[in-house]
Amino acid sequence: MQSSSLHGGDLDEISRLYGIDKSKIMNFSGNVNPLGLPDSVKRAIAQNVDAATGYPDVEYRALRGAIAQYTGAKAEHITAGNGSTELITGFIKAVMPKKAIIAEPAYSEYLRILSQTGCETVLSPMNEKNDFMPDPDAFDITDDTDLLVICNPNNPTGTYLTAKQIAALARRCKQHGCFIMIDETYVEFADAAEHISAVELTGEYDNIGVIRGTSKFFACPGLRLGYGITGNKAVLDKVVQSRDLWSVNVFAELAGCVMFTDTDFIRKTRGLINTERARIRRELGALDKLKLYNTQSNFFLVKILGGDITAKELFLRLIEKNILIRNADNFPFLDETYFRFCILSPEENDILLDSLKEIFK
Ligand SMILES: Cc1ncc(COP(=O)(O)O)c(C=O)c1O
C-alpha cells in the first residue's frame, strides 16, 4: 500500500518513512477529536492504576449500563468490544453471510473481513453525481443477500442516511432475510445525530446491528473500546461467544463508565466541530479548484478539480510541512483526485487551510 493511503493511525510508519518526529506530525488523517482524552477519563485511570491487578467484569455489567444510559438502548441489547474493529469482525462472523453488499466507498475493514470468510461481496456505489449521498433504493437486496453493510455517517465521504431511511430499509431487508450492520463510529459528530442514528430502531427491528466506537469522538484509539447494539438475541449471543474473554481491558472498562456522562467534554466537542466544519466549508468552498461534499462527520472528502496535482502529490507537498492528510485514491470508486482530512484545532486547521489556499488559488 502507498504510504499516502495508509490507515489514519499509522503514524509510526509515516514518521519512519519521512523522517519526522511523531510528535511533530499534524495528523489530519486519523479522524480523532483534537480536544484529546477527556479529563474525567484521565482522572479515572490515574486514580485507579491498581485496577490492573484484577480482571475486568467478564460480563461488563457496569459498562453496559453506562452505554445503555448514554444511547437509550437496553443493556441486554449491548455488548462491549476491543474497539469497533472487534465488533465488525464479531457481527460478520455471527451473521456468516454467503452474500453481502457494502455501500462504497467505505472503510476498508468490512471488505477485508468479508473476503476472509469467503463471502461473495457486492460493492454498491454511492454516486458522485448525487454528491455521494447514499441512495437506499440502489441497494439490490434479493433473497440471497444475507448482509448489508453501511457506515453512517460514511467514512470517507461524511455523507449519511437518515434513521427514517434506515427504518424503511430494515423493513425491505426483513422481507429478504437480510441483516443490516451499521457502523456509527462517527455519528456523535453529526449536527442532528438523533435523526441519523439507528440505535432506537434496534428496539423495533431485529435485523439491525449498530456498531459504535469511542476512539474518534472520545479521542482514545489506544484504549480500544467499542460497543455493539442489536435486538437480535441470536446474533448478539454469537458475537459475545466469538469474543475472547476480557477483550476489553480494565482501563477501557473504567473509561467507558465515566466518559459518556462527561457532558462538558461532549458539549465542547460538538461546539468545536460544528464551528470549524462550517468555517472550513465556507473557506475552501470559495476555491473553484476544490469540491467538498456534504459531511456530517469530523472530516471532509475533497475532490481536486484543477491545479494540476494529484492527491498523492498533494500528500507529498504537505508532509514536507509536517501536515498529514489521507490520499483517498485507494478507496473503491474514488481516484487520484480525492483526499480526506479531519478537523483539528482552529490553529492547526488554519495551517492546513493556508497551504490549500496557496496550492489551489
Ligand atoms: C468507520 C470506521 N469504523 C471503525 C474504525 C475502527 O475504530 P476502532 O478504533 O473503534 O476499532 C475506524 C477507524 O478509522 C473507522 O473509520
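**The mixed sheet and its surroundings**

A: Start with the open sheet of 7 strands, which has mixed pairing and the order S2-S8-S7-S6-S5-S3-S4. A strand here is a DSSP run of E with at least two residues, a helix is a run of H or I with at least four, and both are numbered from the N terminus. Two strands pair if DSSP finds at least two bridges between them. At the edges sit strand S2 (78-81) and strand S4 (120-125), each pairing on one side only. Ignoring direction, neighbouring strands of this sheet are turned by 20 degrees against each other on average.

Before going on, a quick word on ground rules. This is a predicted model, so to speak of local features we need pLDDT of at least 70, and side-chain atom pairs count only at pLDDT 80 or more, while totals for chains, interfaces and linings use all residues. Residues are numbered from 1 along each chain as its sequence is written, and side-chain values use heavy atoms, with hydrogens and water left out.

Now zoom in on one pair. Strand S6 (residues 179-183) and strand S7 (residues 208-213) run parallel, joined by 4 bridges. Ile 182 has Val 210 in S7 as its bridge partner. Helix H3 (residues 61-71) packs on the sheet and touches S2, S7 and strand S8 (226-230), with its direction at about 115 degrees to that of S2. Those angles run from 0 to 180 degrees between N-to-C directions, using axes that are lines fitted to C-alpha atoms, for helices over the stretch in contact. Helix H5 (residues 109-116) lies across strand S3 (99-104), S4, strand S5 (147-151) and S6, at about 165 degrees to S3.

Next, look at Leu 148. Leaving aside neighbours within four places in sequence, Leu 148 is in contact with residues including Ile 101, Phe 179, Ile 180 and Met 181. Contact means heavy atoms within 4.5 Å. Leu 148 is also one of the residues with the most contacts inside the largest nonpolar core, which has 89 residues. Domain 1 (3-30 + 264-359) and domain 2 (39-261) both give residues to this core, so it lies between them. A nonpolar core is a set of buried Ala, Val, Leu, Ile, Met, Phe, Trp, Tyr and Cys residues joined through side-chain atoms within 4.5 Å. Buried means under 20% relative accessible area, exposed over 50%, and partly exposed in between (1.4 Å probe, protein chains only).

The domain bounds come from an automatic or database domain assignment. The C-alpha centres of the two domains lie 25 Å apart, and 25 residues of domain 1 are in contact with 33 residues of domain 2.

S9 and strand S10 (residues 299-304) pair over 3 bridges in the antiparallel sense, and Lys 291 has Lys 303 in S10 as its bridge partner.

Finish with Leu 290, which sits in S9. At 5% relative accessibility, Leu 290 counts as buried. Not counting residues up to four places away in sequence, the residues touched by Leu 290 include Leu 284, Val 302 and Phe 339.
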